[in-house]
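Open your viewer and get ready to select residues by number. This tour tells you what to pick next and what you will find there.

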Amino acid sequence: MKKYNFGAGPSILPQEVMKATAEACVDFQGMGLSLMEISHRTKEFQAVMDEAQALFKELLDIPEGYSVLFVGGGASLEFCMVPYNLLEKKAAYLNTGVWAKKAMKEAKLFGEVVEVASSADANYTFIPKDYEIPADADYFHITTNNTIYGTELRKDLDSPVTLVADMSSDIFSRPIDVSKYGLIYGGAQKNLSMAGVTFIIVKDEILGKVSRPIPTMIDYRTHVDKGSMFNTPPVVPIFCALQTLKWIKAQGGVKEMERRAIERAELLYGEIDRNKIFRGTAVPEDRSLMNICFVMNDEYKDLEADFLKFATERGMSGIKGHRSVGGFRASCYNAMPIEGVQALVQCMKDFEALH
Ligand SMILES: *Cc1c(COP(=O)(O)O)cnc(C)c1O
């Protein structure tokens with residue numbers, strides 16, 4: 001049976017990306033050696049790093065003056081690296097979910113944190129829109145896609161201060177105006193690669209402004225200066241990311257990724273809204289194209305475990321919702337084919353017919 005991976009992360013990758021990575025782990029470019037065992041200082045691996053950074057810049061149309069970094073530690077390490085490097089006195093945060101809250105918690109270790117707005121009281125079912133960003137903040141931090149709650153900010157905000165974004169779960173799903181951001185980061189395991197590498201896009205001129213000493217590995221300038229080769233980088237996840245970047249380019253770039261994301265989301269939200277058994281959890285205008293959250297209408301609540309079993313038996317993998325939302329979450333990252341969403345929609349229709 002064909003399986004469709006709707007898991008939120010680590011998550012679906014294109015088959016050819018996984019095959020090319022697996023092959024490189026056995027015999028890297030015909031060297032007779034594995035990618036895992038060669039030095040990251042070889043010209044062969046340096047070429048992988050160079051191409052990954054160059055393609056990253058090309059696909060997102062990143063302007064001059066920005067660096068692309070690949071480091072370890074996950075997006076969670078960025079929650080502290082960002083304030084360590086950028087927070088002198090005060091930072092502003094938009095609280096749109098668990099990940100935003102975790103980022104705020106770390107920032108509080110370094111200075112004053114202003115929560116400009118929060119949708120916590122509504123279990124993060126929407127993205128606040130009316131708020132003021134303090135003009136004297138060192139930066140303003142947002143989470144563009146709230147993986148757990150299924151809300152997404154799909155436009156590039158105008159911010160009077162340096163804009164910092166956690167784009168872990170929606171990077172490469174649409175064109176972005178990078179010039180509006182000072183720093184963009186994310187764990188790769190949602191929409192780019194396997195777990196183990198974090199991507200960072202940083203505007204070089206925002207660095208070096210804080211007065212505190214910064215440990216070498218935490219200092220973004222170390223990684224900018226050394227081209228992400230200060231220490232041994234996560235070579236296999238970077239190679240895997242490069243395969244995904246090549247795949248995105250071959251498919252038509254981020255515009256095509258966006259077209260597909262909209263097509264998938266319209267199909268699935270359309271069914272959620274039509275089907276008598278289900279309803280969406282996020283407010284329609286903030287619905288995520290990446291993580292589509294839905295629950296059972298109250299009168300069908302008892303059928304939740306039944307539907308999970310029903311859909312799982314038909315090849316839908318990873319659709320159980322996060323415990324803080326309940327119900328179901330169908331993550332539809334770049335590599336999810338429309339056939340996967342069609343199959344899930346068919347499950348929902350068939351289940352409805354049974355009840
Ligand atoms: C998954 C996720 C994280 C955490 O990423 P790690 O790489 O596991 O630290 C942070 N932010 C968002 C939006 C996420 O989806």
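**Before you start.** The model is predicted, so local features need pLDDT of at least 70, side-chain atom pairs count only at pLDDT 80 or more, and totals for chains, interfaces and linings use all residues. Residues are numbered from 1 along each chain as its sequence is written, and side-chain values use heavy atoms, with hydrogens and water left out.

**Stop 1: the ligand.** Select the ligand and its shell. A residue counts as near if one of its heavy atoms lies within 4 Å. The shell holds 14 residues, and the closest are S76, T147, D166, Q189 and K190. Now show helix α3 (residues 74-86), which gives the largest share of the shell, 4 residues. Helices are DSSP runs of H or I with at least four residues, and strands are runs of E with at least two, numbered from the N terminus.

A polar side-chain atom of T147 sits 2.4 Å from a ligand oxygen. For D166, a polar side-chain atom is 2.6 Å from a ligand nitrogen. A75 uses a polar backbone atom, 3.0 Å from a ligand oxygen. How much of the ligand's own accessible area does the protein cover? The protein covers 88% of 380 Å² (Shrake-Rupley method, 1.4 Å probe).

**Stop 2: the cores.** Select F45, F56, L60, F70, F140, I142 and F172. These have the most contacts inside the largest nonpolar core, which has 58 residues. Such a core is a set of buried Ala, Val, Leu, Ile, Met, Phe, Trp, Tyr and Cys residues joined through side-chain atoms within 4.5 Å. Buried means under 20% relative accessible area, exposed over 50%, partly exposed in between (1.4 Å probe, protein chains only). Another core, of 35 residues, lies apart from it; Y4, I12, A261 and I292 are among its members.

**Stop 3: L13.** Go to the loop between β1 (4-5) and α1 (15-26), where L13 lies. Is L13 buried or exposed? L13 counts as buried because its relative accessibility is 12%. Contact means heavy atoms within 4.5 Å. Beyond its neighbours within four places in sequence, L13 contacts M18, L192, S193, M194, C240, T244 and A335.

**Stop 4: E352.** E352 counts as buried because its relative accessibility is 14%. A polar atom of the E352 side chain is 3.1 Å from the backbone nitrogen of K276.

Notes
A polar contact is a pair of N or O atoms within 3.5 Å; within protein, one must be able to donate a hydrogen and the other to accept it, and residues adjacent in sequence count only if both atoms are side-chain atoms.
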